[in-house]
Structure formats: C-alpha cells, structure tokens
Amino acid sequence: MEYIFYVIYRGIFFFYLILLFITGIKDIKTKQIKNGIPITMIIIAILYRLLEIKLKQNLFENGNGGIGFCLGGFPFFLISFLGGTEKMGGGDVKFMAANGLFLGERVLTASMIGMGLATIYLFVFIIIRKPKKGVALAPFLGIGCVCSIFLK
C-alpha cells in the first residue's frame with residue numbers, strides 16, 4: 001500500500017512540472033493565465049502535502065506550504081497593486097501563490113531566478129527591438145520554479 005502512495009506522490013510532482021510547462025506556453029500565446037491553472041496547482045499541491053505527511057518524507061526540503069503561499073503571492077500582489085495591472089496581471093500573482101504552496105520557502109528562490117531571467121530577456125529584447133506588448137512572465141517563473149526544486 002505504501003508503494004501506491006509513493007507512486008501517486010511522484011506522479012503529482014510530474015504533473016506539477018507539466019503544469020508549469022503548459023502555463024508557460026499558454027502565457028506566451030495569450031499573455032493570460034486563466035484561473036483554472038492556479039486552482040489546479042493548489043489542489044495538487046494540497047494532495048502533494050497530504051501525501052508528504054502520509055509518507056513522512058519531504059523530497060525537496062521545501063518547507064511550509066502556507067508560508068510559501070504568502071511569500072509567493074504577496075510580493076507579486078504588491079507589484080500588481082502598486083504598479084497597476086498593465087505591469088503585472090493577476091494571473092501571475094495567483095500562479096506564484098500556487099507555486100508557493102507547492103514549493104514552500106523555495107518560492108523566493110524561484111521568484112528571484114524567474115525575474116532575473118525575465119530581466120535579462122527584456123534587456124536583450126530591448127537592444128534588438130522595442131517590445132510591442134508586455135512580456136509573458138510565466139515561462140521565466142516556471143523555469144525559476146524548476147531550478148529552485150533542484151538547487152539545494
């Protein structure tokens with residue numbers, strides 16, 4: 001029985017990685033993150049955390065999901081609130097809050113990596129040509145999330 005829970009635990013992690021990829025692609029195409037993606041991420045993060053408790057293991061030492069939820073969502077909410085929604089949309093806020101629930105405190109590392117990559121991209125893009133519309137952040141934030149999982 002323990003083996004089945006472990007397989008489900010790993011499957012949820014794999015599904016999370018797929019969701020990061022899908023979110024990045026959708027954000028590139030539409031510049032929007034629909035509510036279904038963060039809601040799905042929150043549901044699988046809760047399942048992941050419950051299985052973590054059941055299996056008494058924490059694969060990536062990702063800490064407290066509740067704190068990660070706040071650390072992931074609040075800074076992006078402040079940027080969106082103070083800068084206006086034309087600077088950063090609500091989808092990015094919800095996306096990072098959901099990632100925080102999954103990653104715990106590592107969401108700070110993910111945010112820094114993702115925003116750093118987005119900044120580098122913007123500098124290069126501005127040198128080549130002026131961007132017409134805002135830049136999709138989800139691909140960069142998703143890369144940051146993946147990097148933060150595998151960095152110790």
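1. Thr30 is found in helix H1; helices here are DSSP runs of H or I with at least four residues, strands are E runs of at least two, and both are numbered from the N terminus. Thr30 is partly exposed because its relative accessible area is 46%, on a scale where buried is under 20%, exposed is over 50% and partly exposed is in between (1.4 Å probe, protein chains only). Thr30 and Ala136 are 106 residues apart along the chain, yet their C-alpha atoms are separated by 8.6 Å.

2. A word on what we're looking at: this is a predicted model, in which local features need pLDDT of at least 70 and side-chain atom pairs count only at pLDDT 80 or more, while totals for chains, interfaces and linings use all residues. Residues are numbered from 1 along each chain as its sequence is written, and side-chain values use heavy atoms, with hydrogens and water left out.

3. Next, the loop between H1 and H2, where Lys31 lies. Lys31 isn't a glycine, but has a positive phi of about 60°. At 36% relative accessibility, Lys31 counts as partly exposed.

4. Back to H1 for Phe21, which counts as exposed because its relative accessibility is 59%. Phe21 also belongs to a nonpolar surface patch of about 650 Å², together with Phe14, Phe15, Ile18, Ile22, Ile25 and Ile28. For the record, patches take residues with over 30% relative accessible area and no salt bridge, joining like charges within 9 Å and nonpolar side chains (Val, Leu, Ile, Met, Phe, Trp, Tyr) within 5 Å. The areas come from the Shrake-Rupley method with a 1.4 Å probe, and for residues only the protein chains shown count as cover.

5. How many salt bridges does a search of the whole structure find? The search gives 1, taking a salt bridge as a side-chain nitrogen of Lys or Arg within 4 Å of a carboxyl oxygen of Asp or Glu. The side chains of Arg49 and Glu52 make a salt bridge at 3.3 Å, N to O. Both residues sit in helix H2, 3 residues apart, or about one turn of the helix. Worth a look: Arg49 and Glu52 are both buried.

6. Now the inside. The largest nonpolar core has 32 residues, and the members touching the most others are Tyr16, Met41, Phe95, Met96, Phe102, Leu103 and Cys145. A core here is a set of buried Ala, Val, Leu, Ile, Met, Phe, Trp, Tyr and Cys residues joined through side-chain atoms within 4.5 Å. Two or more residues come from each of H1 (2-30), H2 (36-55), H4 (90-103), H5 (107-128) and H6 (138-150).

7. On to H3 (65-83). The 19 residues of H3 should span 27 Å at 1.5 Å a residue, and the end C-alpha atoms agree, being 27 Å apart; the expected span is 1.5 Å times one less than the number of residues. Gly65, Gly68, Gly72, Gly73, Phe76 and Ser80 of H3 are buried, with cover that includes H2, H4, H5 and H6. Cys70, also found in H3, is partly exposed at a relative accessible area of 49%. From Cys70 to Leu151 is 81 residues in sequence and 21 Å in space, C-alpha to C-alpha.

8. H6 has 13 residues and reaches 19 Å between its first and last C-alpha, close to the 18 Å expected at 1.5 Å a residue. Buried residues in H6 are Ala138, Pro139, Phe140, Leu141, Gly142, Gly144, Cys145, Ser148 and Ile149. Which helices do the buried residues of H6 pack against? They pack against H1, H3, H4 and H5.

9. Last, the loop between H5 and H6, which holds Lys133. Is Lys133 buried or exposed? Lys133 counts as exposed because its relative accessibility is 61%. Lys133 and Val146 are 13 residues apart along the chain, and their C-alpha atoms are separated by 26 Å.

Definitions and conventions. Contact means heavy atoms within 4.5 Å.
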